[in-house]
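Here are some notes to read alongside the model.

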Amino acid sequence: VSCLPEASYLLYVDGELAPEQGRPMEAHLVHCRRCRALVVALREEAELFADVLRGRAAPAARPQPEPAGRARALGLAATLVALAAAAAGAAALLESGLPDSLGWLAGLRWSWTGAYGLAIHLVLLVRESAPAAFELALPVAAMASASALLSFALTALRRRMGGPGAKLLAAFVLLAATESRAHFGLHEHEDLLVAAGTVHDGTLVASARSVTVDGIVDGDLVALTERLTLRGEVRGNLVAVAEELDLRGAVEGSLLAGCEQAAVSGEVKGDAYVAGETFSLAREGRIGRDATLVADEVVLEGALGRDANALFAGRVEVRGSVGRDLGARAERVVLLPGARLGGDVEAALPAGVEVERSPGAEVAGAVRTRRREAGRGFGLRRFREPRLYAWMLLQIGAGFVLGMLLHLLAPGILAVRAERPRDLLRAVGVGIATLVAAPLALLVAAVTVVGIPVALIGLGVLLTSLYVALVAVAALVGSALVRPRAGSRSSFGAALAAGLVVLVALTHLPFLGGALRVVAVVTGLGLLVERALSAWRERASPVAP
Amino acid sequence: MREATVPAPERGARPQAAGGEEALHVHAGEVALLCRRLLGPGQAAEEAAEAALARARRALGGYHPREPFRRWLLAIATHHAIGILLERCPGPQPFAPGAAGPDDLEAPARPPLGHALAPEAWPALEGLLDELPDPHRAALVLRHLGELDYAGIAEALGVSREDVGTLLVRARRRVRAGLARRSAR
């Protein structure tokens, strides 16, 4: 028996079905959670009608010891400021030097590269210490990630687009999986070698102590290893999580790598996205298109076809050619003799530091230096610049448009609640856990062929969620200040606008602003996750057929 | 609900007038509520309740204690109130599903209302129940207040059991849609 119309379940609930009709229905109910939920809901509705028709008093609303509006707003603001102050204090402490007794914390200096390094070390340590557990966990985690995301996507599509959309996606996924399986090879050897003169057909997924490719991989190469040496050729993309990457051969596609040390002396015809501690493009190395590099030390001696972007870098050194612009957010940017840049240099540097340009360095465009917002000094000068306020207005406008769109299309997303400061603290905890767990899960998912698209989708969802988190916090702050009327769009819009103005102003405060932004993102992410979990639990609630 | 008892009449004797009156008094509130729900708020419902009680008083001689007194009394009140509804809407099948106007089947199906319904929404729900078309309201009231089964409702309204099922489903859908419209305002 498949799912039946509501009228049939109403007969069942009202006891109007003959036993021979009821039995198959009960057999179906055992297996179908949705129909079970509908039956429960119909019973509840019958009790509700009976209560209302008998004139019974409505049950008292659950007592909610919520503070009054102003007190709640002050409580929320005080908690946010306290969290931001704590974060800023910790950052300043770690940045400026630690007392001897806290010296052990120095290794935890917060930076993007440090976080990547930590993640890479963790994965490699598990692989080294508990290979059996790793082998088991890898496919389980990948399958769980893939299943959860696909299930979510199919459910969402079925709700939004009906059956055809979901079927189309399912067909696409099946085709992709079938196609992937045809070229999929997982290698768990201690040392993996694709010898010179040999060709590996299809995608090669390798988790090994070392991976050496002297021959040809006729597809993508996905490697999780301590040392990856490529002297041969990869005819697809190269995705690597490794301690050392030595790329001397050729990659036809793009390079996506999280490595402590990455050295490219060969050729990457596509883009390069590398996160690690050091990245060097040797004199004979070449990257065909753009390079986005998150590393403490970036050295560009070879040729880069288009733009180079270095983020969160300590030192950026250019001796080779960059086809277009160089963008750098770093402590130092050095242009040495032999550097040839086809476009502009845009550097975000600490106060008092300029781009160091040797006489022999050629820059076709302009060299501009921006002062980093965080860092030494409070950066009060920027408040005299009109473009700061234009940027703040833009942020408010963009947040407002997104918030209103979400409110119109999916109002449940922004319906986050935090009545008391302890709710916020819990949300911060959930947000931090999500920020740690989600990238790790994506990393694990990405080491399988099926998991790569899933990981990319997940990465997109995560990045989008970080922005939506800010809007959610703005809506929360606004609702604490304005208290919008339930169901009124204009009232919600007013609250959202008020919240955005407050939040954008707070996140641009000197010294505290950066920390406040981090706290707001983490809090918002935690609230969104809690909201999603709550919605997941509510899936057991009824849906009329 | 407390069930009032009426002493059994001796063969050929009228029931004890005092006992019958007491039982009528105990259930008078329910009679008034049933008439109020079936006929809507207003003077007509109050008059109908009075008339139903008077009719029951006259019929006390025919009451046998084997039947629960409450059920017997409410059956009289139901019959009386339905008779008034029939006078309001004369026709061959005034309680047939088709008589309640076109059903809004194109409207998106909404989930049943549950315990999660906010207490503030109860007055609105009560108002919506009052505004239902007579066939829908009568079926819903007889089912959930009169506690009749489909056969009992079918007999009271002069329709088939299948029609009762249809009326109840449509009544629920109308109430849900009405509540959703109100909350969207």
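1. Two residues are in contact when heavy atoms of theirs lie within 4.5 Å. The model is a predicted one. With that cut-off, Leu157(B) touches Ile82(B), Phe95(B), Ala138(B), Ala139(B), Leu142(B) and Leu167(B), leaving aside residues up to four places away in sequence.

2. On the interface: 31 residues of chain B are in contact with 31 residues of chain A. Together the two chains bury about 2,900 Å², and 62% of that area is on carbon and sulfur atoms.

3. In one salt bridge, the side chains of Arg54(A) and Glu147(B) meet at 2.3 Å, N to O.

4. Which helices of chain B supply at least two residues each to the side that touches chain A? They are α1 (17–39), α4 (122–131), α5 (134–144) and α7 (161–184). The largest share, eight residues, comes from α7(B). By class, this side of chain B has 18 nonpolar, three polar and ten charged residues.

5. On the cores: the largest nonpolar core has 66 residues, and Val31(B) and Leu157(B) have the most contacts inside it. Helix α3 (residues 69–88) of chain B gives the most to this core, with nine residues. Another core, of 56 residues, lies apart from it and includes Ala242(A), Ala313(A), Ala339(A) and Leu341(A).

How values were computed
Residues are numbered from 1 along each chain as its sequence is written. Chains are lettered from A and ligands numbered from 1 in the order in which they are written. This is a predicted model: local features need pLDDT of at least 70, side-chain atom pairs count only at pLDDT 80 or more; totals for chains, interfaces and linings use all residues. Side-chain values use heavy atoms; hydrogens and water are left out. Buried area is the accessible area (1.4 Å probe) that two parts lose on being put together, summed over both. A salt bridge is a side-chain nitrogen of Lys or Arg within 4 Å of a carboxyl oxygen of Asp or Glu. Helices (H or I, at least four residues) and strands (E, at least two) are DSSP runs, numbered from the N terminus. Ala, Val, Leu, Ile, Met, Phe, Trp, Tyr, Cys and Pro count as nonpolar, Asp, Glu, Lys and Arg as charged, and the others, Gly among them, as polar. A nonpolar core is a set of buried Ala, Val, Leu, Ile, Met, Phe, Trp, Tyr and Cys residues joined through side-chain atoms within 4.5 Å. Buried means under 20% relative accessible area, exposed over 50%, partly exposed in between (1.4 Å probe, protein chains only).
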